[in-house]
Structure formats: structure tokens, C-alpha cells
Amino acid sequence: MVGYSLLLIVILSLVAYYVGRGSARRFAGGAGSDKVHSLPGYHGAFIAVWVGIPAFVLVVLWASFQGAMLDNLVISSLPQAFTDGKSPAELNLALSEIRNLASGRIFGEPAPEIRAAAERLLAWQHIASWAMVVVAAALMILVLVFARTRIAPRFRARNNVERVLSALMVFCSVVAILTTVGIIVSLLYESIAFFRLVPIHEFLFGLKWEPQIAIRADQVAGAGAFGAVPVFAGTLLISAIALIVAIPIGLFTAIYLVEYADDRVRNVVKPIMEILAGIPTVVFGFFAVLTVAPAIREAGGLMGIATSPNSALAAGFVMGIMIIPFISSLSDDALRSVPRAMRDGSLAMGATASETMTKVLLPAALPGIMGGILLAASRAIGETMIVVMAAGLIATLTINPMDSVTTVTVQIVSMLIGDTSFDSPKTLAAFALGLVLFIVTLGLNILALQIVKKYREQYE
Amino acid sequence: MADVALATRDVPTPEFQTVRTPDPHPRPTKVKADNVKVFYGQKQALNGVSIDIPVKSVTAFIGPSGCGKSTFLRCLNRMNDTIDGCRVEGEILLDNRDIYDASLDVVELRARVGMVFQKPNPFPKSIFDNVAYGPKIHGLARSKAELEEIVVSSLQKASLFNEVKDRLHEPGTGLSGGQQQRLCIARTIAVSPDVILMDEPCSALDPIATAKVEELIDELRENFTIVIVTHSMQQAARVSQRTAFFHLGTLVEEGPTDHVFTNPSERRTQDYITGRFG
């Protein structure tokens, strides 16, 4: 029924558009047409938006509240004898049985009261859905008729449509912002619950991380320790390896593309870098597990270095490959936005291309490049799939890249897999880790954007 | 009849010929261009320009926008090499050496033929480092003291030193437009070039800053050969000794500045300087 309603809204809005345009055309063509304020199309759009948008809002609200209203109705319609002496939980159970029955899923032998209630529910649902269509249609026709009377040569349909459209855009951005705020609030809420169980200083400065504690009484597990330092150290180690791989390669790629490559090379290399940016991280993940990690272990074995099968080096290296396109494309932009006059000025002094690059272009583009690197770093820190597949699970406090380390994202995933319980620190720790991760990447992003912004001001 | 038509076709079209008036007191030639043609891809921007640029004097190139005067200027230090699809034909001699010869190093050429651009383009470095840039990359100073000496004397020659002596280590981009342009001139003369090319050096400046730069150009003439492209005919008349008028990719007329401005030999020159077109 919601589908039919939406279809009806589209059709009636279109009708409204043509009605509005048609009647505007009638006076636009006549005498004194120079005094018409808006083009006929705007009159059509004016009626269309006022017909379509309120009806759409009505249908959405109706569809989301209809279920709850009917539930209340069904409960209050149950016979007194049936509901007497039942707790709210039991009533809820009965309600879901009624709902199941109404949608055709029958378990066992339902009580006659339930059967009757289910039939009532079905009937009401039917009525409510049709009522929604009818009410929406009535609303639209009313608005159409009313708006039609407002159309006049001096009516400012164009400005009116503009206001409606800007309100629509404000609404959309508010939705995005509210979602973000909601996520942050839920992160904060659960983190505070976690810090009630585990003191915050123990979490931030503790050196031992053993979160796999028993959730059910019959599980055998360790006592648990929630010191996040080894986890963050692991994240930093892997991200550092990734940046060590990605910065030189990405930066030199950008320099080559901007200053040295001719158009033919650029037309080949740039799309390839874009393909690299488009590879799903899970593909990078099994590349890390199946190809890079064994190769590193073998190489380590040949050189007599003890290498873990899921070494930080393997995960970091592959993550580095993943963020190369970030660094190269942002550095490319930064170098390209250095005014051509700088380059010409340096070349006209008799500087070579590489002198121009190192002494003039790179210093001028440095803030933009730094911004790109910080964005890539925050991407690396938050990256999940590669490390889930290629990094370890045990939190070791080490800086040896041949060792196995774990990361924040890996721990979050592993803590939310299997048994979860929102009163156990094991589950809640995931939110605390997520919160810290969020703060770190947010900080890096803000810093990066600040740097990039400052740099933009320099030339404009 | 057919023979006559062929014969007239062999004669070079008069539009591509240059009217030349020699100097009453000729100076030795510093740069000699012979039949220079420039192509951007398929499009021809210059139709065979030949000109002798005398040493230690100011030569002004005038003409309407798109007439090829800047293109020709950029040939003289091979800045056109940096433009994709640009091709130069003909011969340009600097002190009787072909600057497009394969044996000539373009980096050395540009150290001898400096350039000042239309918009001041100081590097985002300190005033000192801006001027020290050229001497550093060309290894002109053996010690720090020597480098400082070069910087100070270049700033003095560009009559900028007194204005910036207390803030040599502040960014060059913080100066006013006129000061920035004089900084760019100081930067250019710091590598002691023979020739300085100026591509509309005052078009982004206010009248007072313009007057200062023009005064400076007049002083620099004693030591450097200067070629200046300008849209302002008053400026050409004020600062130059010889003037060359370009139109539609052709050098129409060249001669002593007072002759070109007071008694041009070509109709098109007359029309342009009296403001009838362009």
C-alpha cells in the first residue's frame, strides 16, 4: 500500500505540474504578459512541490506509526478474561503471536482469542492501508485545488519554489548531521558504561590486553585485562609501516606525473592509480594473507630472522599499497595548484626541473601534501578488513615488524563476534576502543583539513 | 595571363615584410633573430620575425593582444620549450651563438637571459632566499658572506634594499605588488645575466609602482640589454630606445622609438599608436 501511495504521489505531482503550468500559460500568453512574475514552469513546480511533499511526509509518518497504533488497538480489544492476570511481557508475547498469525506463520495450536485477534488485526491493517491512500489522495487534491487558486500573474512562484528547495536541502543535511551525532552519542553512552566497569586510566595506560573473558558461567576463560596500550601500539606500528611504504611511492608518483611524464604516460598511469583506489579492501586482505605474508616469512627464514606468519610487516605493507592512490592523488592536486608562475619563475632563473621541484614546488605544495598524508594516515588507522585478515589477534607490545601485533579495529571485530552481552566489559570495550579511534581519526582529519585550508588561502 | 598570376604569387606578401629604420648611432647587436616562426600545434603564431636587438639599451615590443610579441619574447630564453606542442623555427643568435643549437645548455642560456613576468611571482620564501635562489643553484657564491653581498647589491640595483633591509628574512609574498615586482627584478639580476626580458612587467601595478619600475629599467640599461613587452604606448615611449610593432604574428615595423612614435613609416603602426585599432 505504501508503494501504491508513493506511485499516486508521483502521478498527482506530475498532474499538478501540468495543471499549474497550463493555467500560468493562459495568462502568460495574453495581454499584459510583461507583468507575469514567473515562468509557467515555476507555477507548475510550485503546485507540484506543495502537492507532493506534504503527502509524502504524511505517508511516511502514517507507515511508521500505523504498526504501533494497531498493536495498541489489538491489545485493548482482547477479551477481559484473556488479559486478566497477565504481565506486560506475557501480553507482548501474545501480541507477537497475533502478528505472526496475521502474517501467516502459525506455530502450534493458537488459542481462539488469539485467532480472533489476528483476524481483527488483518482487517484493521487492510482498512488502515486503504485509509492511508485515501487520505493522501484527498490531501493532495485539496492542496492542488487551493494552490491552483493562488496562481496569478504577480504570484512569485519562482521564489516560493526556491524556498521549498532550500528547505529540502537543509533537511537533508540535518539528517546527515543528526545521524553522526546519534552515532557519537551511542558510542559515548556505551563507553561510559564500560568505564564504570574498568577505570579509564587502566584502559588508557594499561599494558596488558586480554579481553576474552567469560560471558556465560560455563565458559572457561582468563580473568581479563583491559589495558589498551598494546592495541594502539599495534595500530600505530602497522600504520607507520603503511605510511613508510606509501609516502615515498605516492609522492614520487605525483611528482613524476606532474613534472616529468608526458601526456601519453599520464593518460595511462592516472587511470591505473584510480583502479588501485577502487580495489575492495577485502581483496587487498587476501592478497596480504595468501601472498605477502608467506613471502615475508620465507624471506625472513632465509635471513634467519624469526618471522611470525601474520607479521605486522605484511599487513602494513599491503595497507601501504592501498593508501598510495590517496597520497599520490592529493599530492598531485597540491603540486598542480602551485601557480604556473612559480614554476616559470624558477625555470627562467635557469633552474633545472628537479631543482624547481625540490626548491620551489615541493615547499609551496608541502601543506597540501601534509594534508594528504594525514588523511591517508587516518584512513590507515581506521582500516579494518586488511588487518582482520592479515594481522594477529594477540596484543603484543612490540615494535618488531616481524612480530604479530593486533589493531584496534581487529579487536573491535573480534569482541563483537560470538557471544555479546551489554553488561560485560568484553563487549563494552569495543565501544571504548571505537570512541578512542574515532577521536584519533577525527583529530587527524581536522588537522589535515586545517592545513589544506591554510594552504589554499596562500594563493587566492 | 597565367604567367603574370604565377609571378605575383612568388613575391612575398607585403604584410610579412618589416619596415626598418636604422639607428642614427648604431650599437652592436646583442641578440639577432632571423626568420623566427613559432607554431602551437597546427596554429602558426609568428610568421618569420627578424630583428636585431642592440646591446645595453631598451627595446620595446608593442602591439595588440595576441599579436605574438610575448611569444617572440619567450623564444629568446626558450621558455616556449615548457609549453607542450610548441615548435620554433628559424635562428636566434645570442652573441653570435645559436641558442637553439643542440650543444647549448638551456639552463645556462636562461642564466644569461633572465626574465621578469607580467604578474609578480616571488617564491614563497624569504626576501633573502628569493634573491639568493639563482646564485645558489648556479654556484655563484663561494661563501656565505659572498652570497650576502650578491643579495644586497642585487636589491640595491633593484632600488628595493632601503625598503626591505630590516626584514630580509620575512616572506617575499608579504611585500606590496610593486615591491614584489622589484624583488623579481632583483632576483633576476642576482645571476648577472646579459639580457633581461620583461613581459608586461607593470601591467599588474599601480601608477606609482609603475613609475618606480620604469625608473629602474632606465638605470638597468647601463649594464643590461633589456627587452620589454608592454601594452602601454606611453611606457614604451618613456623607457625604450627602439620600438618594434607586432601585428597578427608579424613584425610590422621597428626603429628608433621617437621615429616610430612621431613619424611611423607604416600605416598600421600609425593606426595602432593613434588608437585607431587594437
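**Walking through the model**

Mentor: Start with residues 232-448 of chain A: 78% helix, 0% strand, and end C-alpha atoms 21 Å apart. Helices (H or I, at least four residues) and strands (E, at least two) are DSSP runs, numbered from the N terminus. This is a predicted model: local features need pLDDT of at least 70, side-chain atom pairs count only at pLDDT 80 or more, and totals for chains, interfaces and linings use all residues. Residues are numbered from 1 along each chain as its sequence is written, chains are lettered from A and ligands numbered from 1 in the order in which they are written, and side-chain values use heavy atoms, with hydrogens and water left out.

Trainee: What does UniProt call residues 232-448 of chain A?

Mentor: The unreviewed entry gives "domain: ABC transmembrane type-1". UniProt positions are in the numbering used here, feature names are shortened, and annotations may be inferred rather than shown by experiment.

Trainee: Which residues of chain A does UniProt list as "transmembrane region"?

Mentor: The unreviewed entry has several spans, including 127-147 and 168-189. In the model, residues 127-147 of chain A are 100% helix and 0% strand, with end C-alpha atoms 30 Å apart. Residues 168-189 of chain A are also 100% helix and 0% strand, and there the ends are 31 Å apart.

Trainee: How many helices and strands in chain A overall?

Mentor: 16 helices and two strands. Its radius of gyration is 32 Å, well over the 23 Å from the globule rule for 460 residues, so chain A is more spread out than a compact globule. That radius is taken over C-alpha atoms, and the rule is 2.2 Å times the number of residues to the power 0.38. The C-alpha box of chain A is roughly 80 × 80 × 40 Å along the principal axes.

Trainee: What share of chain A is buried?

Mentor: 43% of the 460 residues. Buried means under 20% relative accessible area, exposed over 50%, partly exposed in between (1.4 Å probe, protein chains only). Chain A exposes about 24,400 Å², with carbon and sulfur atoms supplying 69%. Areas come from the Shrake-Rupley method with a 1.4 Å probe; for residues, only the protein chains shown count as cover.

Trainee: Switching to chain B. What is its secondary structure?

Mentor: Eleven helices and eleven strands. The radius of gyration of chain B is 20 Å, close to the 19 Å of the globule rule for 278 residues, so chain B is as compact as a globular protein of that length. Of those 278 residues, 52% are buried. Chain B exposes about 12,900 Å², and carbon and sulfur supply 49% of that.

Trainee: And which UniProt domain is listed for chain B?

Mentor: "domain: ABC transporter", residues 31-273, again from an unreviewed entry. That span is 37% helix and 27% strand, with end C-alpha atoms 26 Å apart.

Trainee: I clicked on N77(B). Buried or exposed?

Mentor: Buried, at 0% relative accessibility. N77(B) is in the loop between α2 (69-75) and β5 (86-94) of chain B.

Trainee: What does N77(B) touch?

Mentor: Leaving out residues up to four places away in sequence, N77(B) touches A348(A), L109(B), R110(B), V113(B), M115(B) and L197(B). Contact means heavy atoms within 4.5 Å.

Trainee: Where is G68(B)?

Mentor: In the loop between β4 and α2 of chain B. G68(B) is buried at 10% relative accessibility. Beyond neighbours within four places in sequence, G68(B) contacts A45(B), L46(B) and F246(B).

Trainee: My backbone check flagged K56(B). What is its phi?

Mentor: Positive, about 45°, although K56(B) is not a glycine. K56(B) sits in the loop between β3 (43-54) and β4 (58-62) of chain B. K56(B) is partly exposed, at 38%.

Trainee: Last one: how far is Q42(B) from L147(B)?

Mentor: 46 Å, C-alpha to C-alpha, and 105 residues apart in sequence. Q42(B) is in the loop between β2 (29-40) and β3 of chain B, and it is exposed at 81% relative accessibility.
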